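Have a look at the structure, then follow the points below.

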Amino acid sequence: MKYFVLISLFVFTIILKAFECQANHSNNWAVLVDTSRFWFNYRHVANVLSIYRSVKRLGIPDSQIILMVADDMACNPRNPSPATVFNNADQQLNVYGDDVEVDFRGYEVTVENFVRLLTGRLPPDTPRSKQLLTDEGSNILIYLTGHGGDGFLKFQDSEEVTSQELADALEQMWQKRRYHEIFFMIDTCQASSMYEKFYSPNILAMASSLVGEDSLSHHVDPAIGVYIIDRYTFYALKFLENVKLKSRISMKSFLGVCPKQDCISTVGVRTDLFHRDPAKVPITDFFGSVRPVELTFDFLDISHMPML
Amino acid sequence: MDDNLIKEKESSVQTSTNNVNNDEVWEIIDKEDDEDLRNLSAAVYAFILLVIGIPLWWRMTEVQRHPLPYSQISQLGNMDVTIATDIFVYTKNVSKTEQIIQQLHTTFNSTMFNINAQSSTIKNLDDTLDKLETIVISPLGSLHLIETNSVDNITAGLNRNVYFSPSTNIQLLMATLKRLLQIDALSDSMISMLSPGKHSDDPQIVAERQRRVRPSSNYNVLLTVVNPEPDKLHLSWEPEIPLNRYLQPLLNQLELIADFSVQSQWLYLIDLVQKPVNLNSSFVLDKNQAQYIITPLEKKLGSGVSQNPCIHFVIYVTPCSYIPLFFHENNQLTIAMMSARWGGVQFLNADKLSCNNDSISFVPDDLSIMSPIITQFHALIGVPDMTKHVSLMPLKSSTLRMWQLDSMYRLKIIEQYTNARITLTSLSRLLGEISNIVIIEEVGKAVTESVEAATKVLEYLKIGKLDAALEYSKLAFETSEFAFTHPSLLALLYFPDDQKYAVYIPLFLPVMIPVLMSLKGVKKWIQFKYQL
């Protein structure tokens, strides 16, 4: 009897494991948003481009990355080296790269467009590359950076998205089966207030600072004259630069990025909505794109001319 | 002169006396009417503001909301799906026929299917299978069970016939029928959409569902031929001919389900990124390596011009230094692989003679390229693999057997109906919760149309009319998508109530305060007037 129970437990876990494997996503998307403009916010553009660079390097095609950048730092007349955006003072890593495909730029970066994008309510003549054409098999990485406060993120100095609006938009996505899992990342002051209102399942959230804390920038490049990247994203990029498409790094180690001595602010993490153990989720489930494949061995015999 | 002077004086005196008189008169009038006039004008102001102004303002700032059939939408959730299906049974023995009919009723009693089993009207069927295929014609959605000595086990025909030998176990026949009618797959696709996370216990059914492209009424099929070394190998092939010959008949068969638009393109000089391994004089890519070749390829394929889901087929011409190249898993080699919801990739191995030879161009075999594509296309659109459960009469064509097409119809009806139901429920909940969402007439009409179509789907399924049900399910799906994603829904979302007051109160308050304060005086005046 004891053995029977043990064996049945064993079989049960194997079956569970099998289902865990099956519950995989079939495609990856990324929504990367920088909400602030003006030259002194150079660092926010560098932030968003750092993440853009990483997800693109790890295989998400441009057609599945929605990049919203509120200002054009690379072509700003104050930029001493045009067509570049650097993430460090040594100017070793040009995060602007050779081919950046910005989907929403300048004054197109509005709360309305962002919510329209998420919920799929864009005008019918919007080009395919500016739409989030996800389905119930899609894993989405959402990265936001800009200036925020307790419960809101400012867009363009003129409006803001509240944490409730964001939570409602995500719930609409869930109800419409527009995602399988979401990894939500935000680098702003009091960042964790933005994910506190979330109530839809399968969302893993991470924020650069807790409520009441400021998110700090990393360092100034004297040649550029402004702060060039925020601490949290700087360390996240440092981590991601070491990730290869085939590496087996888990989300759990990414959630530990930028400890307090580096970030100064406390990195917030919310895992209660997420059903999998972050330690077992490869980082490429969100930052890369590895499509599940199966080999086809038996082909249909179609040798006859079909009957018309 | 004097006269004139006097007259002037007189007139000036007159005017002066007139002025005095006028002022006095006005003073008197003022004194009499002062109270009345002031109170009357205050009353008129108050009337215009309160009786005309406020309702007008209220009406004009009201969010436009076309009435929606909320109760009908919530009713959709309570309605069960029943698919009426005729099954005709033929055996040589009347009592066995009765037994099978009885068994059919008990087996399918608690399922989505409402089986109407009856004995077949066709007599003396002692012909060969080929003959039977041509004689026995059953209507759309039905099945014909025929006992015959020409088969050893249960065999599904090309039309809607299922053959079984006299020795077949009836329970096995029932289990096979359940498979053929896709009872598990249909309920799995409903459950998984209604409550994500739940699914069938059968891994094959779950895998088949996850492989299917997302529901849409239009699809693009893009065939890409990649020649990484056009300088070394010249390929002479026209994709149009085999596509028309092998794929088009299948697409014609599926025309009620969806529109497929087929395109082809050539790409050059694209590296495979992964390095093949040499294995017994051929080159192989392990399955683990194979999963990394799609994403780099995908970047170059282009995202397509339309919003419709795209099914990709990539024919990768093997570079000369790696001929022959295969995929490899568990000591098995193959030239083709497929990715769920995306499409397929296959290697085209040229003969070594045509490599580095300007005079010879390699001519591939149409059939060997198209058979993996058709196989994968079947899997991607959701044709279930029945080979493990039943033997199939060989069709040797890319098209579907009639019973397979019926299954596809049922699957699409359930998929589109469930999708429309989820969308409508979610939309009605959303609109109920958020009062600022605009519902213009167009959206309201689309919702009503969608609900009506969804109800009609259920009605037509109940009487077994699959073609009409499919048509309405498509309509329900399209209109519900249209309503949910209509851009006008968000038009006022960023003009919430508090902002509405913030805009109007500074405008109206300065006017309202004196008017409201004067109301007290007006009231006193009216009381005073009527007492007199």
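**Helices side by side**

The crossing of H6(B) and H7(B) is right-handed (the near helix is turned clockwise from the far one by less than a right angle). This is a predicted model, in which local features need pLDDT of at least 70 and side-chain atom pairs count only at pLDDT 80 or more, while totals for chains, interfaces and linings use all residues. Residues are numbered from 1 along each chain as its sequence is written, chains are lettered from A and ligands numbered from 1 in the order in which they are written, and side-chain values use heavy atoms, without hydrogens and water.

**H6 and H7 of chain B**

- Helix H6 covers residues 183-194 of chain B and helix H7 covers residues 203-211 of chain B; they pack at about 60°, with axes 10 Å apart.
- Helices here are DSSP runs of H or I with at least four residues, strands are runs of E with at least two, and both are numbered from the N terminus.
- Axes are lines fitted to C-alpha atoms, for helices over the stretch in contact, and angles run from 0 to 180 degrees between N-to-C directions.
- H6(B) and H7(B) are therefore oblique to each other (under 35 degrees is roughly parallel, over 145 roughly antiparallel, 65 to 115 roughly perpendicular and the rest oblique).
- On the H6(B) side, Asp184(B), Ala185(B), Asp188(B), Ser189(B) and Ser192(B) meet Ile205(B), Val206(B) and Arg209(B) of H7(B); contact means heavy atoms within 4.5 Å.

**The buried side of H6**

- Among the buried residues of H6(B) are Ile183(B), Leu186(B), Met190(B) and Met193(B) (buried means under 20% relative accessible area, exposed over 50%, partly exposed in between, with a 1.4 Å probe and protein chains only).
- Their cover includes strand S1 (83-90), strand S2 (113-119), helix H5 (170-180), H7 and helix H12 (402-433) of chain B.

**H3 and H4 of chain A**

- Helix H3 (residues 111-119) and helix H4 (residues 163-175) of chain A have axes that come within 8 Å and cross at roughly 25°.
- That makes H3(A) roughly parallel to H4(A).
- Val111(A), Phe114(A), Val115(A), Leu118(A) and Thr119(A) in H3(A) touch Glu165(A), Leu166(A), Ala169(A), Gln172(A) and Met173(A) in H4(A).

- Leu466(B) belongs to helix H14 (residues 466-484) of chain B, and Leu466(B) is buried, with a relative accessible area of 2%.
- Beyond its neighbours within four places in sequence, Leu466(B) has contacts including Ile83(B), Leu140(B), Tyr409(B) and Ile413(B).
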